[in-house]
Amino acid sequence: MDKRALPPLPALRAFEAAARHLSFARAAGELHVTAAAVSHQIKQLEHWLGRALFQRSANGVSLTPAGSDYALRIRDAFERLVSTSCAVRDHQLRPVVKIRTQFSVAALWLTPRVASLSRQRPELEIRVIAAEHRASGAMNADIGIYFQRGELPGHSQQPLLSGPFRAYASPALVGRGRDLRPADVAMLPLLHLSIEDRGWPSPGFADWFEQAGVPVHGPLPGLRFNLAHLAAHAAMLGAGVALLPQDLCEDAVRQGSLLPLPGPALPAPHPYMLMCRTAPEEAVAWVRDALLRDATRPSL
């Protein structure tokens with residue numbers, strides 16, 4: 001016999017019901033067939049297995065030892081089948097909202113917010129996709145959070161995150177930082193944000209020191225990162241001072257992982273925009289509006 005061959009499935013269903021009720025008649029009522037049909041299907045299963053599953057008598061039926069063991073195994077398999085099928089059905093019926101954004105926005109700003117939204121509406125499935133913004137082609141998501149790049153037909157683009165760049169460090173590196181002056185920052189390890197895509201420049205420490213009136217000469221030493229969340233993570237570990245977008249650091253400041261240092265706030269060259277279809281479905285509109293509301297709350 002082929003090891004992958006299945007026993008007759010109607011017979012399995014009849015056996016599971018009869019074993020649960022210990023009655024062919026009650027199993028027949030549950031399955032909307034006759035007791036004779038249940039008896040026939042169980043005999044078919046016993047023939048397939050090569051052993052008796054029930055002992056039959058004038059007083060009714062009872063499971064044989066083999067039947068009792070088989071019933072336990074079958075019941076577990078049926079329960080897994082039912083739970084798996086329900087999960088697939090429910091998954092297909094749940095509204096799905098896909099949000100596509102730049103890596104650092106996903107790591108530092110979006111993740112805690114979608115976690116909160118998921119708790120508010122657990123029937124939604126929110127998918128976060130961290131990916132670069134493609135200059136052409138469809139957005140392939142319900143919501144996008146990127147720098148503005150040309151027109152998106154059928155979509156609106158609303159400013160979401162436009163806060164300035166500030167200097168941040170771990171309290172472990174600078175203590176409370178209240179007495180720290182910009183000139184003191186020049187003596188600390190620096191963590192530079194070096195964007196590889198030259199189309200999206202960001203302010204650097206040379207700009208920050210110039211605005212602070214601190215003379216610096218030559219290239220500034222320090223580690224360099226091409227993504228804001230990498231520089232932020234290094235700063236949280238006490239590796240140095242990072243110049244980062246304020247909006248992306250608010251949660252870390254609130255949690256005490258980062259401390260904003262005294263000094264200038266440099267305007268962000270490009271705001272992050274929320275991109276969405278002009279007339280989205282209800283679930284997408286709800287997530288969009290919640291993110292926009294969160295972004296307009298007063299900064300720390």
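Figure 1. Helices here are DSSP runs of H or I with at least four residues, strands are runs of E with at least two, and both are numbered from the N terminus. The model is a predicted one: local features need pLDDT of at least 70 and side-chain atom pairs count only at pLDDT 80 or more, while totals for chains, interfaces and linings use all residues. Residue numbers start from 1 along each chain as its sequence is written, and side-chain values use heavy atoms, with hydrogens and water left out.

Figure 2. Within α2 (residues 24-31), look for Phe24, Ala27, Ala28 and Leu31, which are buried. These four sit on the same side of α2 because they cover an arc of only 100° around the axis; the arc is taken from the directions from the helix axis to the C-beta atoms. Turn to the other side of α2 and you will find Ala25 and Arg26, which are exposed. Buried means under 20% relative accessible area, exposed means over 50%, and partly exposed is in between (1.4 Å probe, protein chains only).

**Figure 3. A close look at Ala27.** Ala27 belongs to helix α2 and counts as buried because its relative accessibility is 0%. Not counting residues up to four places away in sequence, Ala27 touches Ala14, Ala17, Ala18, His21 and Val38. Contact here means heavy atoms within 4.5 Å.

**Figure 4. The two ends of helix α2.** Leu22 is in the loop between α1 and α2, and has a positive phi of about 50° although it is not a glycine. Leu22 is partly exposed, with a relative accessible area of 45%. At the start of α2, a side-chain oxygen of Ser23 comes to within 3.3 Å of the backbone nitrogen of Ala25. Just after α2 comes His32, again with a positive phi, of about 60°. His32 sits in the loop between α2 and α3 and is exposed, with a relative accessible area of 73%.

**Figure 5. Gln102, on the way into helix α5.** You can find Gln102 in the loop between β3 (96-101) and α5. Gln102 counts as buried because its relative accessibility is 18%. A polar atom of the Gln102 side chain lies 2.8 Å from the backbone nitrogen of Ser104. A polar contact is a pair of N or O atoms within 3.5 Å; within protein, one must be able to donate a hydrogen and the other to accept it, and residues adjacent in sequence count only if both atoms are side-chain atoms. Leaving aside neighbours within four places in sequence, Gln102 is in contact with Ala131, Ile145, Tyr146, Leu227 and Tyr272.

**Figure 6. Where helix α5 meets helix α9.** The axes of α5 (residues 103-120) and α9 (residues 228-236) come within 7 Å and cross at roughly 45°, which makes α5 oblique to α9. Axes are lines fitted to C-alpha atoms, for helices over the stretch in contact, and angles run from 0 to 180 degrees between N-to-C directions. Angles under 35 degrees count as roughly parallel, over 145 as roughly antiparallel, 65 to 115 as roughly perpendicular, and the rest as oblique. From α5, the contact involves Phe103, Ser104, Ala107 and Leu108; from α9, it involves Ala228, His229, Ala232 and Met236.
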